[in-house]
Amino acid sequence: MRDAPVLLTVLAAVAAGLWAWRRWHHQSFWLVVGYPIIALSVLASWRRVALGCGLTKKRQRFWFTTVPGMVASTGVVRVKRRFQRIAVDTKPFMWLPLPTRHGWRVTLHTLEGQTPGDYADAAERLAHSWGVHAIRASSPRPGRVVLMATMRDPLVKVDQLPAPTDLLKVTVGRLENGKPWTIDFRTVPHWLNAGATQSGKSNLANALIVGLSPQPVALVGFDLKGGVEFTPYSPRLSALATSRAETVTLLDDLVGLMVDRMGLCRQGGARNIWQLPPGIRPTPIVVLVDELAELYLMADKSEKDEIAKTSTALLRVAQLGRAFGIYLFCCGQRIGSDLGPGVTALRAQCSGRICHRVNDPETATMTLGDLDPAALVSARAIPAETPGVAIVAGQDGQWYRARSFYVTEQTAEHAARTYADLAPAWDEITSHLPESINA
Ligand SMILES: Nc1ncnc2c1ncn2[C@@H]1O[C@H](COP(=O)(O)OP(=O)(O)OP(=O)(O)O)[C@@H](O)[C@H]1O
Ligand SMILES: [Mg+2]
């Protein structure tokens with residue numbers, strides 16, 4: 001009994017030590033203490049969890065079972081052991097879980113008749129059973145499924161990463177797996193950036209302004225919200241359209257530029273501007289559109305022709321822009337077919353998809369298309385408390401949960417002013433076209 005205070009003091013000291021270790025060096029604490037405990041508990045609970053999540057299969061097994069036998073003359077019941085067929089629940093074979101930066105991953109052997117989709121469908125149930133933030137299922141090869149567990153949401157706080165130096169490449173945030181979230185216009189030329197109001201669309205556009213401003217590219221803005229979003233960045237923009245009339249003229253210029261660049265490539269025997277010698281290669285242009293719907297919404301019938309022109313021109317830019325160095329980044333709350341057939345066709349040309357928090361399931365479906373249904377579920381589960389969190393899909397067909405860095409309007413304005421002298425004049429870019437917006 002006399003040792004009790006000593007024991008309590010030792011326990012308290014150990015607990016305080018563990019707490020301090022976890023707080024000051026979470027990575028080593030996780031590897032040495034957290035991960036082994038979690039790995040053992042995942043292995044130990046796998047049978048129960050697989051049963052609960054419907055991932056087991058009934059299999060016939062031959063087993064020695066005990067059956068009641070005859071009653072002997074002494075009155076004692078003699079039991080017999082018999083070789084019998086019985087149905088048992090079989091769980092998928094699980095390898096040892098391995099630690100990752102934000103949790104653990106484990107490989108499973110699928111049972112007959114199972115597909116990776118069965119595991120993706122059970123992902124939410126698995127996450128709740130193991131008490132982790134999220135489980136993602138992927139299949140590296142037939143017959144194997146890898147479950148990736150993240151213990152806590154790594155996107156609650158994301159730190160700024162160093163800017164890449166490649167042309168038309170901007171690191172705008174971080175992916176859930178800790179890797180940088182990079183928008184590379186040369187790999188994925190056109191992007192749709194959807195989300196409800198206050199979900200982080202403009203913040204992402206700000207991150208692009210900051211990342212692209214120091215690069216030798218021309219930036220062009222379409223802002224039919226009266227120019228309130230992009231006007232502060234006008235020092236670095238080569239052209240900005242804030243009204244429908246300006247939109248039509250600026251899009252005409254872009255289509256004209258494309259046709260001009262087509263001729264240049266033809267003469268130079270090149271398939272795209274990147275095959276031209278650097279000396280004659282035209283400047284790449286990144287077109288930022290805020291609130292895409294505004295380009296398509298009709299206040300009255302008189303606007304019908306202008307909208308039709310806008311829709312056709314934007315679609316042509318999307319179809320041919322890639323080869324001729326014109327890239328699109330379109331933001332909008334809704335990017336649906338209700339805006340007209342032009343939007344559906346434009347959407348098909350935009351292989352880059354970003355879906356922030358949405359209010360309705362259709363917007364997520366419209367943005368992410370028929371990607372993995374788990375991506376849609378994930379998009380709809382983005383909470384309002386974490387603006388900037390989005391589901392991102394690129395060319396590879398994979399989808400990721402990601403969060404943009406917080407980039408204020410002031411930071412973007414500052415970058416636009418600092419690199420104002422790098423903005424090529426629109427007159428210069430379009431000098432050999434018949435008419436231009438600034439003419
Ligand atoms: N990545 C982020 N990290 C932290 N906060 C963010 C992030 N992105 C956005 N926010 C916060 O959310 C607010 C709304 O973001 P933003 O203006 O980008 O939304 P939006 O989708 O453009 O909204 P709207 O449709 O109304 O223009 C910002 O003012 C900022 O405070
Ligand atoms: Mg906005």
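This is a predicted model: local features need pLDDT of at least 70, side-chain atom pairs count only at pLDDT 80 or more; totals for chains, interfaces and linings use all residues.
Reader: What makes Lys-201 a polar contact of ligand 1?

Author: The cut-off is 3.5 Å between N or O atoms. A polar side-chain atom of Lys-201 sits 2.7 Å from an oxygen atom of the ligand, so the pair counts as a polar contact.

Reader: And what about the backbone, which residues reach ligand 1 that way?

Author: Asn-203 has a polar backbone atom 2.8 Å from an oxygen atom of ligand 1, and for Ser-199 the backbone distance is 3.2 Å. Both values fall within 3.5 Å, so these are polar contacts too.

Reader: How much of ligand 1 does the protein bury?

Author: On its own the ligand exposes 630 Å², and the protein buries 79% of that.

Reader: Which residues come nearest to ligand 1?

Author: There are 17 residues around the ligand, and Thr-197, Lys-201, Ser-202, Asn-203 and Ser-404 come nearest. To be counted, a residue needs a heavy atom within 4 Å of the ligand.

Reader: What is the make-up of that shell by class?

Author: Nine polar, four charged and four nonpolar residues. As for elements, α5 (201–212) and β17 (399–404) each bring at least two residues, and α5 gives the most, with three.

Reader: How do you know which pocket ligand 1 takes up?

Author: The test is that more than half of a molecule's atoms lie within 2 Å of the pocket's grid points. The space taken by ligand 1 is the second largest pocket. That pocket has a volume of about 460 Å³.

Reader: What lines the second largest pocket?

Author: It has 22 lining residues, with Gln-198, Gly-200, Lys-201, Ser-202 and Asn-203 nearest its centre. The largest share, four residues, comes from α5. By class, the lining splits into 11 polar, seven charged and four nonpolar residues.

Reader: How much space lies in the largest pocket, then?

Author: About 1300 Å³. Its lining runs to 43 residues, and those nearest the centre are Ala-134, Ile-135, Arg-136, Glu-176 and Trp-399.

Reader: Which element gives the largest share of that lining?

Author: β6, with five residues. Several other elements supply at least two residues each, among them α3 (116–121), β7 (144–150) and β17. β17 also supplies at least two residues to the lining of the second largest pocket.

Reader: How does the lining of the largest pocket divide by class?

Author: Into 21 nonpolar, 13 polar and nine charged residues.

Technical notes. Residues are numbered from 1 along each chain as its sequence is written. Chains are lettered from A and ligands numbered from 1 in the order in which they are written. Side-chain values use heavy atoms; hydrogens and water are left out. A polar contact is a pair of N or O atoms within 3.5 Å; within protein, one must be able to donate a hydrogen and the other to accept it, and residues adjacent in sequence count only if both atoms are side-chain atoms. Accessible areas come from the Shrake-Rupley method with a 1.4 Å probe; for residues, only the protein chains shown count as cover. On a 1 Å grid over the protein atoms alone, a cavity is a set of points where a 1.4 Å probe fits but cannot get out, and a pocket is an open set with protein on both sides within 12 Å along at least five of seven lines; lining residues have an atom within 4 Å of a point. Ala, Val, Leu, Ile, Met, Phe, Trp, Tyr, Cys and Pro count as nonpolar, Asp, Glu, Lys and Arg as charged, and the others, Gly among them, as polar. Grid points are joined across faces, edges and corners, and a volume is the space filled by probe spheres set on the points.
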